[in-house]
Amino acid sequence: MATRWILLPVLFAAVGCSWSRFDDVESDAPVVLLDKPSKMSAGFGVAVATASFDGRARVLVGGASGMHPAAMFDLGAGTSPSTAAVDTGSCSQDTPCYLADRIVGLDTANDGAGASAPDSACFIFGVGQTDGAPRYGLVARCADSVEYTLAVPDPVFTELIKKDLLFQDASNPPPPLALGTDESAAPVLVAGAPTHHLAWFYESLSVTPRQVVAPGAPEADFGTVVTALAFGTGSASAATAAEPGIVAVGAPSAGHVWLFGTADGRPVGCLGGPAEFGRTLASGRVDGDAFDDLVVADGTNVTVFSGAALATLAPAEDVTCSLAALPAGAVLASFGCGSRDTVAGCPGGFG
């Protein structure tokens with residue numbers, strides 16, 4: 001197979017498809033092609049995540065989901081990034097390991113070993129079992145090559161891992177596994193397994209899983225996409241735990257995005273929208289206040305919800321999936337596909 005590369009700038013919130021937009025940033029912008037390691041034979045660049053510490057950015061590049069490895073690259077401090085992988089040990093051990101559809105990076109993480117200082121620049125990339133772990137769970141690898149396994153709720157181990165992964169037919173695609181975080185230095189980690197309507201999360205710097213369950217009958221693809229919103233100090237650069245935030249779990253076939261409080265895992269609301277509402281989720285500081293905001297795509301538009309407004313939601317036993325009951329000012333913006341500079345029209349699957 002011919003050598004392939006991944007073009008790096010797609011990682012960073014670029015809008016449109018024109019390089020001219022970067023001209024005012026740097027006349028000689030460090031645009032590089034990352035070299036595909038020889039052991040990565042399938043889907044180089046299908047999944048990408050970033051993490052950083054000491055001013056240096058790391059990127060983990062995965063292959064196709066399933067039993068494929070991932071490689072870590074050191075991008076340095078903004079100049080002269082390395083194009084060769086500095087670590088190809090992710091998901092490459094003898095014990096079977098399964099890459100997730102979406103992988104995530106944690107600037108600061110806890111490997112559960114009781115060390116005096118947290119680990120730095122760690123990536124959660126799938127399902128596996130590292131040395132010393134009692135059973136399979138979410139597997140991680142850090143920039144210093146530390147590996148660890150996060151325990152998962154019993155239903156996840158029984159239904160997803162034991163039945164679907166460990167004894168799956170190699171000719172069939174693996175069941176999907178989605179991962180997400182907020183944008184803080186020590187983020188909440190969220191995971192979803194839609195084939196079994198399962199979702200769970202780990203509080204900031206915690207190794208204990210907490211399952212979240214939507215009221216009523218399980219929705220067909222609950223857990224397809226997941227993310228988290230950090231509120232207050234935890235979104236700052238310091239690696240401190242955030243104030244209680246929100247975990248968001250999408251069920252796009254129903255047009256729902258379920259919201260759960262990270263303080264106790266109870267539902268605090270449900271956003272309901274048009275067809276495919278919740279097929280893609282993202283979080284971050286959109287309006288510049290102390291709250292992460294929630295970005296939700298449907299089949300036509302992208303809508304941005306105020307984290308400050310969502311933070312006022314309280315746990316409730318009776319949750320209705322709609323936008324009508326949201327606090328005032330909850331919708332910051334909603335937009336469809338347009339044109340900018342020399343880019344006209346939209347590709348299929350906007351959002």
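1. The count comes to 3 disulfides, a disulfide being a pair of cysteine sulfur atoms within 2.5 Å. This is a predicted model, in which local features need pLDDT of at least 70 and side-chain atom pairs count only at pLDDT 80 or more, while totals for chains, interfaces and linings use all residues. Residues are numbered from 1 along each chain as its sequence is written, and side-chain values use heavy atoms, with hydrogens and water left out.

2. Cys91 and Cys97 are joined with an S to S distance of 1.9 Å, and their link is left-handed, with -95 degrees about the S-S bond. Cys91 counts as buried at 8% relative accessibility, and Cys97 is buried at 4%; here buried means under 20% relative accessible area, exposed over 50%, and partly exposed in between, with a 1.4 Å probe and protein chains only.

3. Cys122 is joined to Cys142 at an S to S distance of 2.0 Å, and this link is right-handed, with 95 degrees about the S-S bond. Because Cys122 lies in strand β8 (residues 119–128) and Cys142 in strand β9 (residues 137–142), the pair ties together parts that are 20 residues apart in sequence. Helices (H or I, at least four residues) and strands (E, at least two) are DSSP runs, numbered from the N terminus. Both cysteines of this pair, Cys122 and Cys142, are buried.

4. The disulfide between Cys270 and Cys321 has an S to S distance of 2.0 Å, and it is right-handed, with 95 degrees about the S-S bond. This pair links distant parts of the chain, 51 residues apart, with Cys270 in strand β18 (residues 267–272) and Cys321 in the loop between α2 (307–310) and β22 (331–335). Cys270 is buried, with a relative accessible area of 4%, whereas Cys321 counts as partly exposed at 21%.

5. In the largest nonpolar core, which has 28 residues, Ile124, Leu138, Tyr148, Val152, Ile161 and Trp200 touch the most other members. At least two residues of this core come from each of β7 (98–109), β8, β9, β10 (147–150), α1 (154–165), β12 (189–193) and β13 (198–202). Such a core is a set of buried Ala, Val, Leu, Ile, Met, Phe, Trp, Tyr and Cys residues joined through side-chain atoms within 4.5 Å.

6. Leaving aside neighbours within four places in sequence, Tyr148 is in contact (heavy atoms within 4.5 Å) with residues including Cys122, Cys142, Ile124 and Leu138. Another core, of 18 residues, lies apart from the largest one and has Val257, Val268, Phe277 and Leu294 among its members.
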